[in-house]
Amino acid sequence: MEWNAETLQFLSQCFLHTLSPNPEPRRRAESSLSEAADRPNYGLAVLRLVAEPSVDEQIRQCAAVNFKNHLRVRWATEVSREPNAVTLAPIPDPEKEQIKALIVPLMLSATPRIQSQLSETLSLIGKHDFPKKWPSLLPELVSSLRTASQSSDYVSISGILGTANSIFKKFRYQYKTNDLLLDLKYCLDNFAAPLLEIFLKTATLIDSVVNSGGPAVAATLRPLIESQRLCCRIFYSLNFQELPEFFEDHMKEWMSEFKKYLTTRYPALEEGSGDGLAVVDDLRSAVCENISLYIEKNEEEFQGYLNDFALAVWSLLGTASASSGRDQLTINAIKFLTTVSTSVHHALFAADDVISQICQGIVIPNVRLRDEDEELFEMNYVEFIRRDMEGSDLDTRRRTACELLKGIATNYKEKVTAIVSVQIQNMLGSCATNPAANWKDKDCAIYLVVSLATKKAGGTSVSTDLVNVENFYGSVIVPELKSQDVNGFPMLKAGALKFFTMFRNQISKPIAIALVPDVARFLVSESNVVHSYAANCIEKLLLVREEGGIARYTSSDISPFLPVLMSNLFNALKFPESEENQYVMKCIMRVLGVADITREVAGPCILELTNVLAEVCKNPKNPVFNHYLFEAVAVLVRRACEKDASLISAFEGSLFPCLQTILVNDVTEFFPYAFQLLAQLVELNRPPIPPSYMQIFELLLSPDSWRKTANVPALVRLLQAFLQKAPHELNREGRLSQVLGIFERLVSSHTTDEQGFYVLNTVIENLGYEVITPYVGHIWATLFGRLQKNRTIKFVKSFLIFMSLFLVKHGSTNLMDSINAVQANIFLVILEQFWIPNLKLITGAIELKLTSVASTRLLCESPALLDPTSAKQWGKLLDSIVTLLSRPEQDRVEVELEVPDIGETMVYAATYVPLQNAGKKEEDPLKEIKDPKEFLVASLANLSARSPGRYPQIISENLDSANQAALLQLCGTYNLRIV
């Protein structure tokens, strides 16, 4: 795309029309730009448009955004292996060099909004090219910074510092490697001194402006303060990996200014209108992060400054934490004190009065509910739960304040416990005197107990020294949950439910189960948070295990109130904004997995679930809710049919319309779930399969159904179900060749080859040899072709399992003859190159049994191996069998270093999730053989008895000493001898 007047006109018109409120011109413009983006120099032309002063500012800004997005996907393109994926044309290298030459000066001269977009774009380029492919960038930024500094051009200075901040951020997040440290050294050598220079110059200007006074102080101060914040963020990035020598040498200059920003007030900004206070607080917050980094990583060098900073932060918290709008500063300040409390300087917190002041002055005020918390509780229940229940509240005042107490308790546990316990009792007493006015005190007390509880390693149990759990539960929690008004004081009810959930393991079964019907009442609370917490409480309670792994709560415990519980759960899904409440649906799934599912329970439940399913099919939005919905359907079908097989037809009548809607309306998100449910229904049927399923079987055999990789595991599962339940149908209308065509397609790709073997194994297991004989040669040719072209350890293991299954189902003679029919005497080559060396890699109880028994039969039945000329192969095969059976898995299995197929893996993970409750039961093809070790020794004893003296010599020559000892031990165990 050449840069000329026509190009300028074309691009200007396109970007103008993308801003149109009318969809038609907007779509045309977007389509034109999309086509133009494939042409060389498109990005360069858009950048020149951004630089064109004669073009309207709005169009240029739109072009800057387009330029950023264009570079995001085309600067460093990744080739997808998804079959139908579209690969975007990358930006040619000459165009890249021109863009890099133009972007820095253009960014510095641009208006603030365009500058912001270009700064982000520059960071995107820097992520891939800086510093090795863009050595001129840092010198150019440093030169521009010095030029801007001389003229005190703080618009440009902020642009340069913002860009530097973006490209240096990688030093915070990447692992320390030699390459990263070399890049860091390069940046320090070029930028550390100019950074300190502009930081100190700006500090002097700030002091001068503050001292001069005058009406324009706020306007002058603002860009200076913002510039210092950016300097602080760059300081953080450059110091993150380790303390650089330059910063250690100049620590005093940096720390003096840091302390000043924590202790100095700037009334002109802080007390004026607008967001002046937030601008100053952002700088202070950045300083807190820097000193937290130093106390954490450079404790020894920083200790001389620690006391002054601790005092400064403490004083700052006194005012900042009292204000509702200063969250980030408060959080970072508390984090600094938390870091100090767990360091070697924890003695700063040793005095009782200090801990008491922290508790009363910092912790309690920040844990108490604020107006913002109540608003979030009412207006955005999903976000409230995410923060409060799911532990993503690490950056909230409440959680950070509690972490400070935990930090101090690391060294002063008894003092903290004593002081906090008194505070908790005081707050409970305050609430008791006037519950309506002081309910927040009780909430605060419950929150402290829950948040300061410590988890026991390796489990879900928690403990606390602050209160006696059962006493607190009985006196504080039970009265709240016994309240008849399920809508009164909802935040307090949520806190009580959270306590019950948290301490569910500590509360004895009789006491807990007595309260579950009351918890079930809260499922119909109008508060989304409350009925979500009630559902979560019941769901977690049903997961509690006694020592030994036995479930504490069983069907008999919930039977008395099961109808009310299920009714309330389904009613909870009818509240506004809870139509797709994942906590409620997860609880439904869990209850159905525990309860006694009678016909009276199953009927209403499947009706409710299919109603919900019909609704979400219209617009699937919440993947977590949808997953639990399908799990609930699967567990209901499985457990109901286990009890009463006649219910299958009723389930088919309810589910088929929904499954048909999914398939006919192309609800692709639900295809894997639909296929898994269909597989479950097929498996639950007794032959003959009803005709309605055969239509699905025909759909299943169509190649189009298999085009989307994400559908493959569920389709294979369904195909296996059909092959097992209706194997005779394969002999009709060429269906077997269609199934084997599916196998061939799957096994050709390393992302689906395992699924291909599942299909093949099911065919071999369920069809007679006379049926598959015409196809066997083609099967081996397909597998040998893949072995030659692109074999992986995973493929070879699957191949070995398949050959073993073939042998136990159809005999060693058929196995060897059919393989040798492809190429004369190829079987012994396969045995030496693949079977013997990889047998030890097999994992899984059924797979281990199958392959060891098949190998033993080969050893003792195969004329080719029993021939004296094959003695060495015989011995090596036995050596592998003994390794497989005698050594633990970790000693014999190598980790496969296989590069994942990113394109397919991402799609697969995003859309296919197996349903645990519709899972396929592992079938043992060798049920008659209980112990593969005994089978090996007995077979060898029988074989050696026919040729005494022959096999001990082969064993001593070919088995390693450890395996000879293991074989001898096995013979002793089963009282058998190899003679």
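Mentor: Phe-489 sits in the loop between helix H23 (469-482) and H24. Helices here are DSSP runs (H or I, at least four residues), numbered from the N terminus. Phe-489 is not a glycine, yet its phi is positive, about 45 degrees.

Keep in mind that this is a predicted model: local features need pLDDT of at least 70, side-chain atom pairs count only at pLDDT 80 or more, and totals for chains, interfaces and linings use all residues. Numbering starts from 1 along each chain as its sequence is written, and side-chain values use heavy atoms, with hydrogens and water left out.

H24 (490-502) gives at least two residues to the lining of the largest cavity, as do helix H20 (381-388) and helix H22 (435-451). A cavity is a set of points on a 1 Å grid over the protein atoms alone where a 1.4 Å probe fits but cannot get out, and lining residues have an atom within 4 Å of a point. The largest cavity has a volume of about 120 Å³. Volume is the space filled by probe spheres set on the points, which are joined across faces, edges and corners.

Go through the lining residue by residue. Leu-369, Phe-384, Asp-388 and Arg-398 belong to it. So do Asp-443, Ile-446, Tyr-447 and Val-450. Met-491, Ala-494, Gly-495 and Lys-498 complete the list. By class, that is seven nonpolar, one polar and four charged. Ala, Val, Leu, Ile, Met, Phe, Trp, Tyr, Cys and Pro count as nonpolar, Asp, Glu, Lys and Arg as charged, and the others, Gly among them, as polar.

H22 has another partner. Its axis and that of helix H18 (residues 352-367) come within 9 Å and cross at roughly 105 degrees. H18 is therefore roughly perpendicular to H22, a label for 65 to 115 degrees. Axes are lines fitted to C-alpha atoms over the stretch in contact, with angles from 0 to 180 degrees between N-to-C directions. H18 brings Val-363, Ile-364 and Val-367 to the contact, and H22 brings Cys-444, Tyr-447 and Leu-448. Contact means heavy atoms within 4.5 Å. This H18-H22 contact has six nonpolar residues, no polar and no charged. Tyr-447 also lines the largest cavity.

The search of the whole structure finds two cavities of 30 Å³ or more. Ile-513, Val-516, Ile-538, Leu-541, Leu-542, Tyr-553 and Ile-558 line it. Helix H25 (509-521) and helix H26 (528-541) each give two or more of these residues. The lining holds seven nonpolar residues, no polar and no charged.

One more helix pair, for comparison. The axes of helix H10 (residues 178-212) and helix H13 (residues 251-263) come within 11 Å and cross at roughly 40 degrees. From H10, the contact uses Leu-195, Leu-196, Phe-199, Leu-200, Ala-203, Ile-206 and Asp-207. From H13, it uses Glu-253, Trp-254, Glu-257, Phe-258, Lys-260 and Tyr-261. The H10-H13 contact has nine nonpolar residues, no polar and four charged.

Finally, a backbone detail. The peptide bond from Phe-130 to Pro-131 is cis, with omega near 0 degrees. Pro-131 lies in the loop between helix H6 (112-129) and helix H7 (137-150).

Terms used. 1 Å grid on protein atoms, 1.4 Å probe; cavity = no way out; pocket = protein on both sides within 12 Å on 5 of 7 lines; lining within 4 Å. Parallel < 35°, antiparallel > 145°, perpendicular 65-115°, else oblique.
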